[in-house]
Amino acid sequence: MHVARFLLLVLLNLAVANGVDEFTYNVLDGAASVTPDGLLRLTGGSRTADQKGHAFYPAPLGFRYGSDAGGVRSFMSTFVFSIMSSFTDLAGHGIMFTVSSTRDFSGAAPAEYLGLFNRTTNGPASRLFAVELDTIYTPEFHDIDDNHVGVDVNGLVSVNASTAGYYTPGGSFKNLSLTSRRAMQVWVEYDAGDARLDVTLHQLTKPKPTRPLLTVNTNLSTAFSDQMCVGFVDGLRRSLRS
């Protein structure tokens, strides 16, 4: 079982903001909670039931501009997380940073749907962007392995994905285990002018790598409505390992 614990260093900066604003994701539902030491926990604590956890910023944010709502704003976000397996006989599926047209996921399924979709809602009709930190190999969604970072647009089949890790200054790739229990930092940066999304990952104590883990050329206007909700989701299914 995965307990996703976030240090309360979660920043989001839209292009119109004067500087970087710190966001508190305090609209919680399902199994999500804030621990006594101030960490955000999405799932955990039960061996007997499927779980979903969602944590969102309370107010929708404007990701478009102009009277025709045709332009998408540049933005960046950074957050710190760790994924902890509480029990060796239970499997989880990871967590997702999400920009969604809704924060109502009452009909979403856990496990491979990560508390974000179900069998009928997963697909192009969704209005959603997500960065997944995925710890289970799910062939149904064309996963590359059981330890990867993926960029999802309007569905759970990633438009691009990479094994979790980082690039050294010399250009060498180094793996990182998402279930190592170490605190890691993620940077998500979208340049609307170039329609370019960069996702970078590293250990918390290390500086941000100069080369992103993932670079995706994508126009997020297909995913963004005028007002979008920003948060984190996780869906855990009780899954005993033999």
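K208 counts as partly exposed, at 35% relative accessibility. Here, buried means under 20% relative accessible area, exposed means over 50%, and partly exposed lies in between (1.4 Å probe, protein chains only). The model is predicted: local features need pLDDT of at least 70, side-chain atom pairs count only at pLDDT 80 or more, and totals for chains, interfaces and linings use all residues. Residues are numbered from 1 along each chain as its sequence is written, and side-chain values use heavy atoms, with hydrogens and water left out.

The side chain of K208 meets that of E189 in a salt bridge, at 2.9 Å from N to O. The criterion is a side-chain nitrogen of Lys or Arg within 4 Å of a carboxyl oxygen of Asp or Glu. This pair links distant parts of the chain: K208 sits in the loop between strand 18 and strand 19, E189 in strand 17 (residues 184–191), and 19 residues separate them. E189 is also partly exposed, with a relative accessible area of 25%. The structure holds two salt bridges. R196 and D198 also meet through their side chains in a salt bridge (3.1 Å, N to O). R196 is partly exposed at 34% relative accessibility, whereas D198 is buried at 12%.

D198 stands opposite T215 in strand 19. Strand 18 (residues 196–203) pairs with strand 19 in the antiparallel sense, over four bridges. Pairing requires that DSSP finds at least two bridges between two strands. In a regular strand the side chains alternate between the two faces of the sheet.

The protein chain has zero helices and 20 strands. Both elements are DSSP runs numbered from the N terminus (helices: H or I, at least four residues; strands: E, at least two). Of its 242 residues, 53% count as buried. Contacts were counted for heavy atoms within 4.5 Å. Among contacts with a separation of 6 or more, 65% join residues 24 or more positions apart. The chain exposes about 10,500 Å², and carbon and sulfur atoms supply 48% of this area. Accessible areas come from the Shrake-Rupley method with a 1.4 Å probe; for residues, only the protein chains shown count as cover.

A search of the whole structure finds 11 aromatic pairs. Rings of Phe, Tyr and Trp (its six-membered ring) pair if their centres lie within 6.5 Å; planes under 30 degrees apart are stacked, over 60 edge-to-face, and the rest tilted. F75 and F129 form an edge-to-face pair, 6.1 Å centre to centre with 70 degrees between the planes. F75 lies in strand 10 (residues 75–85) and F129 in strand 12 (residues 128–134), so the pair ties together parts 54 residues apart in sequence. F75 is buried, at a relative accessible area of 3%. F129 is buried too, at 0%. F129 also pairs edge-to-face with F224, at 6.4 Å centre to centre and 80 degrees between the planes. F224 lies in the loop between strand 19 and strand 20 (227–236), so this pair ties together parts 95 residues apart in sequence. F224 is buried, as is F129. F63, F75, F129, Y190 and F224 form one aromatic cluster.

R211 lies over the face of Y167, at 3.7 Å from the ring centre. The assignment requires NZ of Lys or CZ of Arg within 6 Å of the ring centre and within 35 degrees of the ring normal.
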